[in-house]
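Welcome! Take a moment to look over the sequence and turn the model around, and then let us walk through it together.

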Amino acid sequence: MTTSRPLPPAVRRVLPWLLGWWALQGAVALTGRLVARRKNEGDESTAGIRRVVAVGGVQLRPTNPELARVRVDLVMGGAELDLTALPRVPGGVDLTVRALMGGMGVRVPAGWRVWWAFRGVGGIGIEKGADVMRTEDERGADLRVHADVLFGGIGVEGPR
């Protein structure tokens, strides 16, 4: 006859919280996929791109020289946007990021001017040593970042 040992008290207290956290992440991931099926627009060759990402990641490398707008919604996820294949876009590119516990890396060609408006808890910044310049002139910027972030951030990097 074999007997099973009971779980230690600490494990019994923590286990429901872990199971609850995994269930929450599963629900967020499933909901994110369903929303993404309805909201995602465009591809890397279009002038406008929108992506919804929940509990995962996405990489975008747009190639359309007339790219005007990119919108990314992140929930516990990450995104990478590589604009280095683009020439200077007349009128600039508008990037809108809404992130909840998520982050985004944006790679831009050398010499681009970047303007941003940031609201939330987190941060946005330009990589040290990058040949990218922050500007206060919204209309003259090559990249305009509009960010609403809670517990996340956005990093702007130069070309590799």
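A nonpolar core is a set of buried Ala, Val, Leu, Ile, Met, Phe, Trp, Tyr and Cys residues joined through side-chain atoms within 4.5 Å. Buried here stands for under 20% relative accessible area, exposed for over 50% and partly exposed for anything in between, using a 1.4 Å probe and protein chains only. The largest such core has 32 residues, and those that touch the most other members are L83, L95, M104, V106, L143, V145 and I154. Two or more residues each come from strand 1 (48-54), strand 2 (57-60), strand 3 (69-75), strand 4 (78-82), strand 5 (93-100), strand 6 (103-107), strand 7 and strand 9. Strand 9 gives the largest share, 6 residues. As a general matter, nonpolar side chains in soluble globular proteins tend to be buried together.

Before going further, a word on the source: this is a predicted model, where local features need pLDDT of at least 70 and side-chain atom pairs count only at pLDDT 80 or more, while totals for chains, interfaces and linings use all residues. Residues are numbered from 1 along each chain as its sequence is written, and side-chain values use heavy atoms, with hydrogens and water left out.

Contact means heavy atoms within 4.5 Å. Apart from neighbours within four places in sequence, L95 is in contact with V70, L81, M104, V106, L143, R144, V145 and H146. Across the chain, 56% of the contacts with a separation of 6 or more are between residues 24 or more positions apart.

Now step back to the whole chain. It holds 1 helix and 9 strands, where helices (H or I, at least four residues) and strands (E, at least two) are DSSP runs numbered from the N terminus. Along the sequence the pattern reads α-β-β-β-β-β-β-β-β-β. The radius of gyration is 20 Å, well over the 15 Å from the globule rule for 160 residues, so the chain is more spread out than a compact globule. That radius is taken over C-alpha atoms, and the rule is 2.2 Å times the number of residues to the power 0.38. Buried residues are 37% of the 160.

How do the strands pair? Two strands count as paired if DSSP finds at least two bridges between them. Strand 7 (residues 113-126) and strand 9 (residues 143-157) are parallel, with 13 bridges, and F118 stands opposite A147 in strand 9. Strand 7 also runs parallel to strand 8 (residues 133-134), joined by 2 bridges, with R134 as the bridge partner of V114.
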